[in-house]
Amino acid sequence: MTETPQTSKVRVAIIGTGGIANAHADALLQQPGVELTAAVDIDAARAKGFAATWGVTRTAPSLKEALDGGGLDLVAICTPPFSHFPLALEALSLGLHAVVEKPPALSLAQMRELEAAEAASAGTLSCIFQHRFGSGAQRLRSLQQAGVLGRPLVGTCNTLWFRNQAYFDVPWRGLWDVEGGGPTMGHGIHQFDLLLHLWGPWAEVTAFAGKLARKTDTEDASAAVVRFESGAIATIINSVISPRETSYLRLDFEHASVELEHLYGYSDTNWTVTPAPGREDAVASWNQGEDVASGHPAQYGAIIRSIADGGPAPVTVTDAYATMELAAAIYASSVSGTTIARGEIDDSSPFFTRMDGHLEPWKQEEELNA
């Protein structure tokens, strides 16, 4: 990466020009001082079409060839999940900043490798967990830290979405070695990342998961009970078989209940705050401040500022590890039938290198019931 003054453009390459890349391009172009420099895709026609839509300067079939064509500062990785890890490693090895879509990797082992690669690089790695950046979440976090809401007590975190069988019939979907998991890894992870961001370190989890309605190698639903280090208890449900779709978060504190209901992103209008009797003071300042929607633009604003300031990336690999570790623990608990403590899945555990523990549990169940 070539050092440039803060007044210079941040030159961005987008790798993978499928559906989610459009959200990244739109978000990036909302940031001052950003130039979409390269569209990288093995499908040349798709890359050219994407470049024409978003005014991208050039196209290339690989990051190396995009870099050979001129300087870059930031790489946005928008490819299918199995390629996130190697592409992030490549970007960091070239001294570039990188942003990676969820999940940032397929295993905890890969997350540790990314941590090491970032430590050795001039670049930084940001993981897309955009729900952290909406004004509602920021406001709630500030109120928590100020102590006005009291202790966290009981929570509900539901991602209830619907994906039909045709969704899973796409060749790269529903496979452990390609997506890393089902809705726990690919859908609900955004919502329970927000839960962890707000309520802090989790301590242990007991979970169930399985294939209830779809032909897929991974689960199509999971349910977990999580105890936090604070003593708070929350339930987490991740589903892609729920006809009435919703993303729902309810956090009960001593002095107020805070609820968020949306689908793929929220604004301040999606939040409801109910004070405990006599504690209206706890939420008196809730509606103060600018309404910033959750989403890629809000997170990219923080990312571009961090590059300009030379500071740490927002949602670092280490930040994201705690969320990925909870996903791994949900799988490990559901497969083993035991409660899993944070830190228990280390490099001696089969769930450290693959979310299903290399057991393909529901495939075995399917075979037994055949």
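Visitor: Between which strand and which helix does the loop that holds P103 lie?
Guide: This is a predicted model, in which local features need pLDDT of at least 70, side-chain atom pairs count only at pLDDT 80 or more, and totals for chains, interfaces and linings use all residues. Residues are numbered from 1 along each chain as its sequence is written, and side-chain values use heavy atoms, with hydrogens and water left out. Helices (H or I, at least four residues) and strands (E, at least two) are DSSP runs, numbered from the N terminus. The loop with P103 lies between strand 5 (97-100) and helix 5 (108-119).

Visitor: Is V315 buried or exposed?
Guide: V315 is in the loop between helix 11 (296-309) and helix 12 (317-336), and its phi is positive, near 60 degrees, in a residue other than glycine. Buried means under 20% relative accessible area, exposed over 50%, and partly exposed in between (1.4 Å probe, protein chains only). With a relative accessible area of 5%, V315 is buried.

Visitor: What is the relative accessible area of H358?
Guide: H358 is found in the loop between strand 14 and helix 13 (361-369). Although not a glycine, H358 has a positive phi of about 65 degrees. H358 is partly exposed, and its relative accessible area is 49%.

Visitor: Which strands are the edge strands of the open sheet of eight strands?
Guide: Two strands pair if DSSP finds at least two bridges between them. The order is 13-12-11-7-10-9-8-14, with mixed pairing. Each edge strand pairs on one side only, and these are strand 13 (271-275) and strand 14 (340-341).

Visitor: How many aromatic pairs does the structure hold?
Guide: Rings of Phe, Tyr and Trp (its six-membered ring) pair if their centres lie within 6.5 Å; planes under 30 degrees apart count as stacked, over 60 as edge-to-face and the rest as tilted. The number of aromatic pairs is seven.

Visitor: Why is the pair of W199 and F228 edge-to-face, and which parts are tied together?
Guide: The ring centres of W199 and F228 are 5.7 Å apart and the planes are at 85 degrees, so the pair is edge-to-face. Both W199 and F228 are buried. Because W199 lies in helix 10 and F228 in strand 9, the pair ties together parts 29 residues apart in sequence, namely helix 10 and strand 9.
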